[in-house]
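The report below concerns two annotated spans and two residues, taken in turn. Please keep the sequence and the model in view while reading.

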Amino acid sequence: MCGIVGYVGHRDCLPILIEGIKRLEYRGYDSAGVAVEDGTGLKVVKAAGKIRSLEAKLQTGAPVGTFGIAHTRWATHGEPNDLNAHPHTDEKCTVALVHNGIIENYGTLKAALEAEGHVFKTQTDTEVLAHLIEKYLRKGLKLERAVGEALEDVEGTYGIAVMCESEPGTLVGARHGSPMVVGIADGEYYLASDVAAIVEHTRQVIYLDDGEMAVLSPNGFHTATVALERVEKEVHDVDWDLSQIEKGGYEHFMLKEIFEQPDAVRNAMRGRLNVEEGLARLGGLNMTPEQLREIRRIIILGCGTSWHAGLIGEYMLEEFARIPVEVEYASEFRYRNPIVDEGTLVLVISQSGETIDTLAAMREARRKGARALGIVNVVGSTIARESDGGVYIHAGPEIGVASTKAFTSQVTVLALLTLALGRHRGMSRDYGIEIAREMSQLPEKIERVLASNDLVRQMADLYTKHNNFIYLCRGFNFPVALEGALKLKEISYIHAEGYPAAEMKHGPIALIDENMPVVFICTKDSAYEKVVSNMMEVRARKGRIIAIATEGDTEAASRADHVLYVPPSIPMLQPILSVIPLQLLSYHVAVQRGCDVDQPRNLAKSVTVE
């Protein structure tokens, strides 16, 4: 989950490295560091805390050189402090290395190295890798070969960038389970764990696959396997620009991304929705109409927000495509020997396309014979490359750790998939047209919801002192209750739980008193009367009620302390509208509590370690 940047070229590398890890700080912000070859050896500077702490250290005596590496950390082994920050080196600082991942057999390797006389200074697993590489360099191997030999000894996951004193100007990167990308410019080459770090400098990139390395120097680069067999890689063009990862006048990335949702949903549908015929065309599925009709079962895999989107997809697909659907936590899927066969279609949902649990679950499903389709945002990501087909959500870069526009775009794509499968499996043309027409109206309706931002801000001020929330709903909106609670937990550190409204009486009702805010999603649908009855039960126990209701609904307003309105839509699409007031509520509560909205404690954007 950490951020890695490396540079080889003709310019002073330090400003490039610092700016690069700033663009990756959403991936980790416990500590940061740099290593630069300044003509006299490797100079390493690192600091606990956010990157500004590192910059303060660099105010005096900053190293100057044209090749180096940098890192921003999300801690796994060893507490966040100066010593455990990356880069890590061997005892004599002849090798410097930054690492994203976990070395699972580091204890065994460390014991063996200590027996050979190596002395360790940190509590990290990464330091072992620096010592291993130095061990092979002392045998006379070149850096590329030394890295390859060291990685053959390693069990676990890694995305690394390595430099050494004996080969100034050479930078080696490698990956296994943790993303790494190579950037190509005129006489300059970059390594990064995310394109965002280098898009300012180049749009030409190569994505490394598991078990591959890249060797960079000012004279060029090549790619190979860890076993040093040369491989030719396709060069990709990045199709977005720097402005998309800037705040654009908003106070936080999260608020910017909430307000980008009309365009994000519009982009998810662009070129895919035929309103006149009630059809959805998803060419990336790589499946024939006959194969679509032969699907006997669907498994949806995801984590966190993506899992919530999958739950909405389950409701959609079962009702309108008439296919049995199971939604699984990707992190648990491969640990229980799941039943998967050739009639099973697996939908893999991940914003980054790099979520390690989801990727591992997809690989397990494919190994068992299932066809896997990815629903991802990041073009060229590992899930996108390894799946049998899929759909990009086209939400654009999402920097805020708490996902917003990716969620609504994922649900939009699941609605497109439902329409496509439904029409192949008996859905009428008229009903397909109704769904397509309602989908085409979503961007404008989202804009109407966003117009309530000032009202939400005022309301949030009344709830910032509360430390517990309950979110309740039924039907298609039940996963929205889970997602709303997750957003509040993630960024304001308030304990919140989502439940199906009927489950309140089976335990959670014991928590309700005058100090318990209860958020009801009570839009007009078949469960409306039941939800209103649940509201009355809360009101009888003096709970404070916030209602998300359909425009014009005076009954819900009369039952609630506060109400936020959303436009009406058909039930399967209502979650896309209902979730937006909850995103805004969590945002404004967190801001008023003084929380770091874009970089909440203990969290990182892309979870690439188990």
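How far apart do the end C-alpha atoms of residues 288-427 lie, and what percentage of the span is helix and what percentage strand? The end C-alpha atoms of this span lie 18 Å apart, and the span is 44% helix and 20% strand, where helices (H or I, at least four residues) and strands (E, at least two) are DSSP runs numbered from the N terminus.

This is a predicted model, in which local features need pLDDT of at least 70 and side-chain atom pairs count only at pLDDT 80 or more, while totals for chains, interfaces and linings use all residues. Residues are numbered from 1 along each chain as its sequence is written, and side-chain values use heavy atoms, with hydrogens and water left out.

The UniProt annotation "domain: SIS", from an unreviewed entry, covers residues 288-427 and 459-600; such annotations may be inferred rather than shown by experiment.

| Span | End C-alpha separation | Helix | Strand |
|---|---|---|---|
| Residues 288-427 | 18 Å | 44% helix | 20% strand |
| Residues 459-600 | 22 Å | 39% helix | 20% strand |

Valine 325 lies in strand E18 (residues 325-329) and, at 5% relative accessibility, counts as buried (under 20% relative accessible area, 1.4 Å probe, protein chains only). Leaving aside neighbours within four places in sequence, valine 325 is in contact (heavy atoms within 4.5 Å) with residues including Ile298, Ile300 and Leu317.

Asparagine 377, in the loop between strand E20 (371-376) and helix H12 (382-386), is buried with a relative accessible area of 8%. A polar atom of the asparagine 377 side chain lies 2.9 Å from the backbone nitrogen of alanine 395, and a polar atom of that side chain lies 2.9 Å from the backbone oxygen of glycine 396.

Terms used
Buried < 20%, exposed > 50% of the residue type's maximum accessible area, 1.4 Å probe, protein only. Polar contact = N/O pair within 3.5 Å; in protein donor to acceptor, adjacent residues only side chain to side chain.
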